[in-house]
Amino acid sequence: MTISITRAQQDQWQQTGYLKLPGFLTPDETRNLQEWVEEISEWPASDDQWMHHFEQTPAGIRLARTEYLLDFHTGIRSLLTTGKIPEYAGSLIGEPAVLYKEKINYKYPGGGGYAPHQDAPAYEFIHNHITCSIAIDAATPENGCLFFAPDLHRQGLLHLDEHGCIEPEFALTLNWEPVPMQPGDALFFSSYAPHKSPPNKTEQPRRTLYLTYNALAEGDRREAYYADKRRSLAEIGQTSAEKLQISKIGHFNGKPVERS
Ligand SMILES: O=C(O)CCC(=O)C(=O)O
């Protein structure tokens, strides 16, 4: 299959740094993905296979994120590494793309939001990368959909704070636009596109799949990325109890799990 991006889609991508494609997955593909995410969310915690990250919500300890899924789910592996998702990613990058990382953010009721940030500082092994997010549940401003500040993705890294996020004062000056999604919609965005999301203030989950691809010319760096991330989180986890660290940048505003 060869993907062709329309002129209008290219223009929007170039102009804003993100591109929403409604109905990107078929209803069958969407249903399959919803079932797979349900299955994955029931996997037990593991130290050396998939990576579950938990947060404290008003309803108790809930999953905030699961990542490193590829080797443990054949359906997910095929969806992420063959067909339209990597093809679209390659078309937008402008050359063949390879998966760099994959994660599900669950954002269950009461789940934390994300401070204004660009993804690029968290992805140290590559330069040319984009993310495809796919809605598992409807995403709205109330349950924590993404907000973007358009037209800034060609400016490299913006003013960053000590957590690797966009300086809060500077973030307040930006023009943030919500990007609501329906299940099966895709949203591609540049790793330099400033984005943020509020907490989930509703009683329903807002689960989203995030897939990051890099130009194959930069190599397949996924295993190196995850080895480094596991090492780094193990070190941080031992020294910080105040901030819940689920990434190499401190963008997640979820509450650390309260241990009794
Ligand atoms: O899932 C969200 O609400 C935001 C996710 C995000 O920006 C990230 O994981 O870097």
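A contact here means heavy atoms within 4.5 Å. With that in hand, welcome to this predicted model. Of the contacts in the protein with a separation of 6 or more, 82% are accounted for by residues 24 or more positions apart. The protein is built with 6 helices and 11 strands.

**Overall shape and surface**

- A compact globule with 260 residues would have a radius of gyration near 18 Å, and the protein has 17 Å, which agrees.
- The C-alpha trace spans about 55 × 45 × 35 Å along its principal axes.
- Buried residues make up 55% of the 260 residues.
- The accessible surface comes to about 11800 Å², and carbon and sulfur atoms hold 50% of that.

**Charges**

- You will find 24 positive and 34 negative side chains in the protein.
- The centres of the two sets lie 1 Å apart.

**Nonpolar cores**

- The largest nonpolar core has 39 residues, and those with the most contacts inside it are Phe 24, Leu 33, Leu 80, Ile 134 and Phe 188.
- Leaving aside residues up to four places away in sequence, Leu 33 touches Leu 25, Ile 76, Leu 79, Ile 134, Ile 136 and Leu 209.
- There is also a second, separate core of 20 residues, including Ala 135, Phe 147, Leu 152 and Leu 187.

Terms used:
Residues are numbered from 1 along each chain as its sequence is written. This is a predicted model: local features need pLDDT of at least 70, side-chain atom pairs count only at pLDDT 80 or more; totals for chains, interfaces and linings use all residues. Side-chain values use heavy atoms; hydrogens and water are left out. Helices (H or I, at least four residues) and strands (E, at least two) are DSSP runs, numbered from the N terminus. The radius of gyration is taken over C-alpha atoms; the globule rule is 2.2 Å times the number of residues to the power 0.38. Buried means under 20% relative accessible area, exposed over 50%, partly exposed in between (1.4 Å probe, protein chains only). Accessible areas come from the Shrake-Rupley method with a 1.4 Å probe; for residues, only the protein chains shown count as cover. Lys and Arg count as positive and Asp and Glu as negative; His and the chain ends are not counted. The place of a charge is taken as NZ of Lys, CZ of Arg, CG of Asp or CD of Glu. A nonpolar core is a set of buried Ala, Val, Leu, Ile, Met, Phe, Trp, Tyr and Cys residues joined through side-chain atoms within 4.5 Å.
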